[in-house]
Amino acid sequence: MTQTLTKYQQYETDYKSFDDSIGSGQPEWLRSMRLSAWSRFQELGFPTARRGNEPWKYTNVGPIADASLALATKPAQVTLDQIKATAPWDDSWLNMVFVDGHYVSEYSGSASGNVTVTSLAQAIANGDELVEQHLGQAPQFEEADGFVSLNTAFVRDGAVLHIKQGVTADKPVHLLFVSSGADEATVSHPRVLLVCEANSKATLIESFVGLDENVYFTNAITEISMASGAELQHYRLMQESEKSFHVGSARVQQESDSVYRSKVFERKVGLGRFDLYTNMDGEGSSCDLKGLYYTSGSQHVDNYININHQKPHSTSRLYYKGILDGKSRAVFGGTVYVQPGAIKTDSRQEDKNLVLSPDAEVDSKPALFIYADDVVCGHGATAGNIDQDTVFYMRSRGLDLEAASRQLIYGFADEIIEAVEDDGLRQYLEKLFLESLPSYKFEF
Amino acid sequence: MTQEIKNSPVLEVIDLHVSIEDKEILKGVNLTVNIGEVHAIMGPNGSGKSTLANVLAGRPEYTVTGGQVLYKGMDLLSMLPELRAREGIFLAFQYPVELPGVRTWQFLKASVDAIRQHRGEKVLSVREFDKLLDEKREIVEMDTDLVKRSVNEGFSGGEKKRNEIMQMALLDPTLALLDETDSGLDIDALRIVSEGVNKVRSDKNAFVLVTHYQRILNYITPDYVHVLVDGSIVRSGGRELALELEDKGYEWLRDQVAV
Ligand SMILES: Nc1ncnc2c1ncn2[C@@H]1O[C@H](COP(=O)(O)OP(=O)(O)OP(=O)(O)O)[C@@H](O)[C@H]1O
Ligand SMILES: [Mg+2]
């Protein structure tokens, strides 16, 4: 089924007025990039769960297409206290706050120390050449879907981070995207560019946080370019409203010996999707991708991961865990490509799910495509329950079924949370995930 | 607190029949253990030793098809496994289970809390518990590092067994069932584990020790030795029976049973 164009009426109206107002002030190269992205979107529309469309097979984005979502043209009035009550926050981070997709300088820390951070709108206005060099250059943009085109068509604000050669960033950069959930249902298209020069080291935290339980849509893209020997620790949190839509992607280009570590935490969203692409285009590069999702109610969360081993001696680790409750649904698609010549590739992927309710459902489909010899690869998915021996062992120590179950579920989630190196963030996540875990009894 | 009197039975197993998946494993076991005593149970592989220990601890997959078990005069078989633990039964597993993600500290704190609450004692503060855990950890010479890790995860065979004994010391049971705790231990670990048992041993508790080797009995002197063959106890005796078994194997007993 193809989506009818009338569904995109609102986007069309918004695109015209956006291009007339903001867009007209943007440099020519950007305008034409946006324009072609817009035509691409008109061609593609939103992806459909039709046959052959593997990446979107289990996620129906019809509700996003059907929702009437107006472009958020300005940030709603929210206080910093409101934000801090919901979002992770640590004064020792370099916090950059965005409300409804717009940078809010009063709430943001000023770039100090050795990291250069600018809002994207400012960087465009400044004519920062980094933007022209890197925007839309991340891997697999050609094959990208309608969401990516839509984000590019509406490019306006977000962040530009630049870690210079050999620099170790002295503090984590926290990009906090707050959705006010104001009365009108809105859409925002934040765009982040992160350029890590050779042998630099940095930590990036991206949080997407909803302040109110309303309908809105976050359509986010993060493009990361890692030169040789660069190291990045990337945390990403989805803590949106229960009625929200969130479609995000991070696209990482890795040169030789670069180390990309990602930890994704997805707790709250209505319909959520996160795509993570790592293009391992340098010898000896490595990535370690971890994730934890906990879905309840009627939430739907889809993680799609694509690791592309292009050169010899690269290592990838993929380890996601999910806890499903209520009538929620989770989808996990992990695809690892080992291209010809990518010898000595070492790749492991695993997705484990704990399904706590008979009405919850998980589709876990790790896939491997190996076109090179001499590689070590392994993948696995497990879905199901805790076994009886485990529970008996715990009961034989005096714990009742409920206490045993609580410890097991907690332990299941904690394995990913404890890997968070930043103390402030880890404590926030412990509170967010562990303290909200359901009271449950494994029965046999 | 009631004063336990030596020689009062803590455990009475009477004509116990147990099946698993319609296969009869225990075929009429009788065993009486008095407070203050140590009983060793020996017997060939597959004879039902672990089954007996596990049924007493309340493992759910077994079906009791006949007989009775009294623990401190209570009908043990009607009690949930956690209640048995809270009432003082402890099983050291032949194959301790790994609990990925469950930290040893949190697990044991919850365990001690549950047991103390059941006894009407106050819950220990973090500091008090730390102190207690340290004490017990030292008994089995276990590394501090191990209590910070997930329960038994990535532990060596010997470390798992030591962990069982540490837990036993921590929970201070009335009746401890040790299922082949000595198997797979090197000489030093065997000594450490045995000394651990001896430290916990008192005239207020009792032990049932399942083992294949008489060498552990050099450290822990049993009051009785029983031989379990094909689901029933075919011979009981004193310490010297273990030596005799070591000498002659089980065949002579099988022959006697056949006769
Ligand atoms: N879950 C099970 N399903 C089927 N059979 C079982 C199960 N558990 C035990 N059995 C069988 O019951 C019998 C007794 O097993 P048990 O583990 O009690 O023996 P054991 O005396 O402890 O042996 P070992 O000295 O080897 O530890 C064996 O034949 C075993 O195969
Ligand atoms: Mg056994």
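Q: How many residue pairs are in polar contact between chain A and chain B?
A: The count is 14 residue pairs, both residues at pLDDT 80 or more. A polar contact is a pair of N or O atoms within 3.5 Å; within protein, one must be able to donate a hydrogen and the other to accept it, and residues adjacent in sequence count only if both atoms are side-chain atoms. This is a predicted model, in which local features need pLDDT of at least 70, side-chain atom pairs count only at pLDDT 80 or more, and totals for chains, interfaces and linings use all residues. Residues are numbered from 1 along each chain as its sequence is written, chains are lettered from A and ligands numbered from 1 in the order in which they are written, and side-chain values use heavy atoms, with hydrogens and water left out.

Q: What supplies the side of chain A that touches chain B?
A: Helices α8 (388-395) and α9 (401-417) of chain A each give at least two residues. The largest share, seven residues, belongs to α8(A). Helices (H or I, at least four residues) and strands (E, at least two) are DSSP runs, numbered from the N terminus.

Q: Why is the pair A:Asp389 and B:Arg59 called a salt bridge?
A: The term needs a side-chain nitrogen of Lys or Arg within 4 Å of a carboxyl oxygen of Asp or Glu. Here the closest N and O atoms are 2.7 Å apart, so the pair qualifies. The count between the two chains is five salt bridges.

Q: How many residues of each chain are in contact?
A: 18 residues of chain A meet 34 residues of chain B. Contact means heavy atoms within 4.5 Å.

Q: What area do chain A and chain B bury between them?
A: About 2,100 Å², with 57% of it on carbon and sulfur atoms. Buried area is the accessible area (1.4 Å probe) that two parts lose on being put together, summed over both. In chain A, A:Phe392, A:Tyr393 and A:Arg397 lose the most area to chain B, together 37% of what that side buries.

Q: Which strands form the antiparallel open sheet of chain B?
A: Four strands do, in the order β2-β1-β4-β5. Strands β1 (9-20) and β4 (63-71) of chain B share seven bridges. Helix α1 (49-57) of chain B packs on this sheet, touching β1, β2 and β4 of chain B, and makes about 115 degrees with β1(B). Axes are lines fitted to C-alpha atoms, for helices over the stretch in contact, and angles run from 0 to 180 degrees between N-to-C directions.

Notes. Two strands pair if DSSP finds at least two bridges between them.
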